[in-house]
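This report is written for a reader who meets the structure for the first time.

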Amino acid sequence: MSAVEARLAELGLSLPQVVPPLAAYQPAVRSGPYVYTAGQLPMVDGKLPVTGKVGAEVTPEEAKELARTCALNALAAVKSVTGDLDRIARVVKVVGFVASASDFTGQPGVLNGASELLGEVLGDKGVHARSAVGVAVLPLDAPVEVEIQVELTEA
């Protein structure tokens, strides 16, 4: 078990199976020392636990937890191309999308769920730049979607 996966276990979490693509793309690709994930939905056991807009059908607190799930799914996607999460030198960038009610402006707070999870799991390596974007709708009516870019250590 890698140190990162041991840390997940300490937090009471485990790495899920990679979420299969919903269309014509890969969950993650490697280019040089970087891994880029596709947008990860908060899928749990192949299903979205909740759907709808944040600020309407979904509370900001629920959405923040869903963003944590997205980040966990993104780590699974990274492992699928690296084989070992201990190869992560740092998380470079996180981009998050929040399906938002027209008057909802708390996207940064929602995306803190993903950012905080990466920090809890990776420590200083999890500190990153980030964009939090409000959108009208996401695939499958998901409330949140997160993608990450990580830099790898030399093999």
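Helices are DSSP runs of H or I with at least four residues, strands are DSSP runs of E with at least two, and both are numbered from the N terminus. With these terms, the protein chain holds three helices and five strands, and along the sequence they follow the pattern α-β-β-α-β-α-β-β. The radius of gyration of the protein chain is 15 Å, close to the 15 Å that the globule rule gives for 155 residues, so the chain is as compact as a globular protein of that length. Here the radius of gyration is taken over C-alpha atoms, and the globule rule is 2.2 Å times the number of residues to the power 0.38.

This is a predicted model, in which local features need pLDDT of at least 70 and side-chain atom pairs count only at pLDDT 80 or more, while totals for chains, interfaces and linings use all residues. Residues are numbered from 1 along each chain as its sequence is written, and side-chain values use heavy atoms, with hydrogens and water left out.

**The chain as a whole**

The C-alpha trace of the protein chain spans about 45 × 30 × 25 Å along its principal axes. Of its 155 residues, 43% count as buried, where buried means under 20% relative accessible area, exposed means over 50%, and partly exposed lies in between (1.4 Å probe, protein chains only). The accessible surface of the protein chain comes to about 7,400 Å², and 52% of this belongs to carbon and sulfur atoms; such areas come from the Shrake-Rupley method with a 1.4 Å probe, and for residues only the protein chains shown count as cover.

Contact means heavy atoms within 4.5 Å. Among contacts in the protein chain between residues at least 6 apart in sequence, 82% join residues at least 24 apart. As for charge, the protein chain has 12 positive and 18 negative side chains, and the centres of the two sets lie 4 Å apart. In this count Lys and Arg are positive and Asp and Glu negative, with His and the chain ends not counted, and the place of a charge is taken as NZ of Lys, CZ of Arg, CG of Asp or CD of Glu.

Helix α2, residues 60-82, has 23 residues and reaches 33 Å from its first C-alpha to its last, close to the 33 Å expected at 1.5 Å a residue; the expected span is 1.5 Å times one less than the number of residues. The helix is followed by G83, whose phi is positive, near 80°.

Within α2 lies C70, which is buried at 0% relative accessibility. Leaving aside neighbours within four places in sequence, C70 is in contact with Q40, L41, P42, V144, E145 and V146. C70 and L117 are 47 residues apart in sequence, and their C-alpha atoms are 9.8 Å apart in space.

P42 lies in the loop between β2 (34-37) and α2, and this proline is buried, with a relative accessible area of 0%. Not counting residues up to four places away in sequence, P42 touches K47, L48, P49, L66, T69, C70, N73, A142 and V144. P42 and E145 are 103 residues apart in sequence and 7.0 Å apart in space, C-alpha to C-alpha.

**Positive phi and partly exposed residues**

D45 also lies in the loop between β2 and α2, and although D45 is not a glycine, its phi is positive, about 55°. D141, in the loop between β4 (129-135) and β5 (144-152), likewise has a positive phi, near 65°, in a residue other than glycine. Two further residues are in helices: A9 is found in α1 (residues 3-10), and G119 lies in α3 (residues 107-122).

| Residue | Relative accessible area | Class |
|---|---|---|
| D45 | 76% | exposed |
| D141 | 30% | partly exposed |
| A9 | 44% | partly exposed |
| G119 | 28% | partly exposed |

A9 and K47 are 38 residues apart in sequence and 23 Å apart in space, C-alpha to C-alpha. The C-alpha atoms of G119 and P21, which are 98 residues apart along the chain, are separated by 26 Å.
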